[in-house]
Amino acid sequence: MIQITEEQLDSEKITNLVRRDSNGAVVTFLGNTRDNFEGKSVIRLEYEAYVKMAVKKLEEIRQEMMQQFGIKDIAIAHRIGVVDIGETSLVVAVASPHRTEAFQACHKVVDRVKEIVPIWKKEVYADGSRWVACEDHEFVSDQPQLA
Amino acid sequence: MGGPCVYYLVMDIEVRLFALYKERAGCSEVLVTLEPEANVRDLTRAVRSLFPNLAPPDVGIVVAVNADYADLDTPLHEGDEVCLIPPVSGGL
């Protein structure tokens, strides 16, 4: 299951999507919004997505992980819009017959989401705001010598 | 009369901007006119000259064509869905 929504994420509901009797391991990751950045107090976060491409990239990640780890049950949900402190912006639920694959695939999904999915995060402070840039993206840019 | 005929062929590309780039440009869409054989490299040059403050010269601008990351040599065609992708930081 792939989902991008402005609604609150229900991690239990998303986790239930990957449960089945043949899976002995279920790993769910929650990405929650932090109340600080380098000593600055963060009031809220705002997420913006290029939704069409984000859905496509999330599905690519899901397929990639299914192949790499030989598992069938992966659900990824990302919230966009305003997300208050302590709320969940990302849920990744992975289930597999044994725990190793579920842990590894879940970790990898989160890394890949940050690398290739066009969703941006803005931290809003009491006295301003900042678009957070992730350093480890792996794009082809128009400055190849610096890529 | 019989003088030479001169045709000016151009291609209009609608470019969508998100997040940081939308804020810096002050708009979410821009229409860029390019030569018909233009590729992504030509587009980023045009965009940089329209919006010199969009990205520092040493920072690359990533382009998506039809909802996939495109490299600099990717040719563009009228009607393509073209978006500028600022550095990604989804998740947490």
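**Figure 1. Chain B as a whole, seen through its contacts and its elements.** Among contacts in chain B between residues at least 6 apart in sequence, 49% join residues at least 24 apart, two residues being in contact if their C-beta atoms, placed from the backbone, lie within 7 Å. This is a predicted model, in which local features need pLDDT of at least 70 and side-chain atom pairs count only at pLDDT 80 or more, while totals for chains, interfaces and linings use all residues. Residues are numbered from 1 along each chain as its sequence is written, and chains are lettered from A and ligands numbered from 1 in the order in which they are written. Chain B holds 2 helices and 5 strands, which follow the pattern β-α-β-α-β-β-β when read along the sequence; helices (H or I, at least four residues) and strands (E, at least two) are DSSP runs, numbered from the N terminus. The C-alpha trace of chain B spans about 70 × 25 × 25 Å along its principal axes.

**Figure 2. Confidence of the prediction in chain B.** The mean pLDDT of chain B is 90, and 95% of its residues reach 70 or more, where pLDDT is the predictor's confidence in each residue, from 0 to 100. The model scores ipTM 0.85 and pTM 0.87.

**Figure 3. The open sheet of chain B.** Five strands of chain B form an open sheet in the order S2-S1-S5-S3-S4, with mixed pairing; two strands pair if DSSP finds at least two bridges between them. Strand S2 (29–34) and strand S4 (68–70) of chain B are the edge strands, each pairing on one side only. From one strand to the next, the twist averages 40°.

Figure 4. Helix H2 (residues 40–50) of chain B lies across strand S1 (11–17), S2, S3, S4 and strand S5 (82–85) of chain B, and runs at about 120° to S2(B); axes are lines fitted to C-alpha atoms, for helices over the stretch in contact, and angles run from 0 to 180 degrees between N-to-C directions. The buried residues of H2(B) are B:Val40, B:Leu43, B:Thr44 and B:Val47. They cover an arc of only 95° around the axis, which puts them on the same side of H2(B), the arc being that of the directions from the helix axis to the C-beta atoms. These buried residues pack against S1, S2, S3, S4 and S5 of chain B. A residue is buried if 20 or more other C-beta atoms lie within 10 Å of its own, exposed if 12 or fewer, and partly exposed in between. Of the 6 residues of S2(B), the number buried is 0, so this strand lies largely in the open.

**Figure 5. Strand S8 of chain A and its partners.** Strand S4 (residues 40–49) and strand S8 (residues 119–125) of chain A pair in the antiparallel sense over 7 bridges, and A:Val124 in S8(A) is the bridge partner of A:Arg44. A:Val124 also stands opposite A:Ser129 in S9(A). S8(A) and strand S9 (residues 128–132) of chain A pair in the antiparallel sense over 5 bridges, forming a hairpin with 2 residues between them.
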